[in-house]
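Here are my notes on this model, as numbered points. Please read them with the structure open.

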Amino acid sequence: MQNNVLILDFGSQYTQLIARRVRELNIYCEIHPFNKIPENVETFKAVILSGSPFSVRNEDAPHPDLSKIRGKVPLLAVCYGAQYLAHFHGGKVEPSETREYGRANLSIIKDKERLFEAITENSQVWMSHSDTIKELPENGVRLASTQDVLNAAYRIEGEETFAIQFHPEVYHSTDGKQLLENFLVKIAKVKQEWTPGAFVDNTVAELKEKIGDDKVVLGLSGGVDSTVAAVLLHKAIGKNLYCIFVNNGLLRKNEFDSVLDQYKDMGLNVKGVDSSARFLDALAGKSDPEEKRKTIGRVFIEVFDDEAHLLDDVKFLAQGTIYPDVIESISVNGPSATIKSHHNVGGLPDFMKLKVVEPLRMLFKDEVRRVGAEMGIDPELLGRHPFPGPGLAIRILGDITPEKVRVLQEVDHIFIQGLKDWMLYDKVWQAGAILLPINSVGVMGDERTYEKVVALRAVESTDGMTADWVNLPYDFLQKISNTIINRVKGVNRVVYDISSKPPATIEWE
Ligand code: XMP
């Protein structure tokens with residue numbers, strides 16, 4: 001990809017945010033861990049050093065060799081990066097006397113500095129550090145201060161090297177995006193060419209080149225990532241893309257048929273495989289959440305393997321992996337325990353021995369949606385809420401029976417359709433219903449009932465890592481509750497989940 005910007009990650013929680021802000025400027029960038037600086041670093045158009053949880057004064061803190069970067073490629077050092085440059089080149093970094101965390105305002109900005117073009121005094125910035133730069137490094141020129149931080153920004157005379165103590169990537173830094181634009185566009189002269197259209201053109205050309213006339217198999221889930229990956233591949237190789245869409249019997253009401261029809265309308269070469277009975281049989285009597293997840297994962301692999309074997313001569317397996325998964329697997333802190341390792345290649349099912357192609361591996365979720373829109377995918381499909389792979393199995397607490405699936409599908413359908421009818425669906429990040437393993441007493445007409453309780457859950461979030469419950473209108477909740485109790489046999493009570501994550505989670509299992 002041309003016009004590369006390299007972000008060297010020192011392990012800050014904000015590193016991904018830097019990348020997102022850069023991409024919002026229509027500039028392509030990649031994150032690499034500080035201890036794996038790419039060989040061809042001199043060919044990058046600009047380098048950004050991230051923050052870090054470490055103190056530069058610690059012996060085990062990241063101390064990368066920047067000799068191939070400094071003075072050769074325009075460099076912006078953020079927070080830890082700024083301290084790192086100071087500490088090792090004649091400056092002084094010491095623990096701060098005052099707490100330097102949270103909002104601050106730039107009180108003095110040196111006149112006519114390119115990094116601060118269109119940024120005025122008092123601009124709010126976000127600080128998060130416990131060390132402070134007491135003395136600038138050799139040839140350092142102070143560019144800005146705040147009330148508590150004398151050296152809030154500096155540059156190095158004679159180099160295109162800039163350093164800032166605050167975090168421009170965080171929204172609380174009001175002019176953060178402007179500062180990144182000043183650095184990347186005005187100083188480093190990077191072109192703003194990273195657009196969804198350019199991504200589609202480049203990726204389709206690369207996929208054609210890589211795959212040639214070979215066949216590719218891909219598992220569609222009905223979700224945004226696998227759908228966008230399929231449409232990109234379809235553009236590149238047409239009918240040589242074989243999509244498999246498995247019904248595990250735990251999808252939403254009517255979802256298997258309607259999504260399958262949608263895929264066919266899009267011209268995809270897709271086979272729907274209804275394995276509901278196989279999944280539900282395997283799940284019978286299992287109530288432990290992890291056991292349910294493992295069972296579904298295992299049966300999925302079996303079904304997919306069976307289907308892949310029906311195809312002759314497949315060479316590639318396509319996956320809808322996106323950038324946050326990739327970053328996690330190469331992160332400074334090492335891959336997290338949740339990332340699957342594929343060490344035991346011998347023991348893997350046959351389809352997993354195929355060559356892997358992941359056309360979305362460099363995209364963030366919002367970029368996947370924009371690429372999907374660029375290719376004309378139905379906005380309704382692109383705006384769908386996330387849905388967990390194990391589906392309703394983890395929303396039926398306890399063991400799973402076909403009858404419980406039916407009840408929950410009805411409840412979920414009323415809730416989701418209601419959100420759409422009341423124009424609330426797009427205001428919610430994820431919503432669903434949970435079937436609780438308890439009965440409660442009710443009264444219908446003159447009869448006493450003893451039936452199931454369902455919980456409704458609707459959350460707002462940006463990435464699912466943290467979430468808060470949505471303040472849905474009482475009128476809406478009242479209407480949905482009445483409809484559910486009147487229409488769904490076996491349910492006599494509806495409750496609304498008002499827990500945030502943390503400490504709760506989005507799903508109940
Ligand atoms: P939690 O419950 O951990 O959920 O707050 C965060 C996000 O992850 C989804 N989720 C899953 N997705 N397989 C998946 O593919 C799973 O086993 C699974 N568990 C939770 C959840 O729906 C939410 O979007």
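1. Start with the ligand and Arg293. An N or O atom in the Arg293 side chain is 2.5 Å from an oxygen atom of the ligand. Gly389 uses its backbone: an N or O atom there lies 2.9 Å from a ligand oxygen. Gln430 has a polar side-chain atom 2.8 Å from an oxygen atom of the ligand. On its own the ligand has 500 Å² of accessible area, and the protein covers 68% of it. Such areas come from the Shrake-Rupley method with a 1.4 Å probe; for residues, only the protein chains shown count as cover.

2. Some ground rules. This is a predicted model, in which local features need pLDDT of at least 70 and side-chain atom pairs count only at pLDDT 80 or more, while totals for chains, interfaces and linings use all residues. Residues are numbered from 1 along each chain as its sequence is written, and side-chain values use heavy atoms, with hydrogens and water left out.

3. Which residues surround the ligand? They are Arg293, Pro388, Gly389, Pro390, Ile394, Trp429, Gln430, Gly464, Lys501, Thr505, Ile506 and Glu507.

4. The Arg457 side chain reaches the backbone oxygen of Ile506 at 3.1 Å. That side chain also reaches the backbone oxygen of Ser499, at 2.8 Å. Polar contacts are pairs of N or O atoms within 3.5 Å; within protein, one must be able to donate a hydrogen and the other to accept it, and residues adjacent in sequence count only if both atoms are side-chain atoms. Arg457 sits in strand S16 (residues 447-460). Helices (H or I, at least four residues) and strands (E, at least two) are DSSP runs, numbered from the N terminus.

5. Is Arg457 buried or exposed? Arg457 counts as buried because its relative accessible area is 3%. The cut-offs are under 20% for buried and over 50% for exposed, with partly exposed in between (1.4 Å probe, protein chains only).

6. Now the annotated active site. UniProt, in an unreviewed entry, places it at Cys79, His167 and Glu169. These residues spread over 91 residues of sequence, yet they cluster in space, with a largest C-alpha distance of 11.2 Å. UniProt positions follow the numbering used here, feature names are shortened, and annotations may be inferred rather than shown by experiment.

7. His167 lies in the loop between strand S9 (161-164) and helix H3 (176-187). Glu169 is found in the loop between S9 and H3. His167 is buried, at 2% relative accessibility. Glu169 is buried at 0%. Leaving out residues up to four places away in sequence, His167 touches Cys79 and Trp126, among others. With that exclusion, the contacts of Glu169 include Tyr14 and Arg21. Contact means heavy atoms within 4.5 Å.

8. The unreviewed UniProt entry also places a binding site at Ser221, Gly222, Gly223, Val224, Asp225, Ser226 and Thr227. Gly222 is in the loop between strand S10 (215-220) and helix H5 (224-237), whereas Ser226 lies in helix H5. Gly222 is buried at 6% relative accessibility, and Ser226 is buried at 8%. Beyond neighbours within four places in sequence, the contacts of Gly222 include Tyr263. Tyr263 is also among the contacts of Ser226, under that exclusion.

Notes:
Near = heavy atom within 4 Å.
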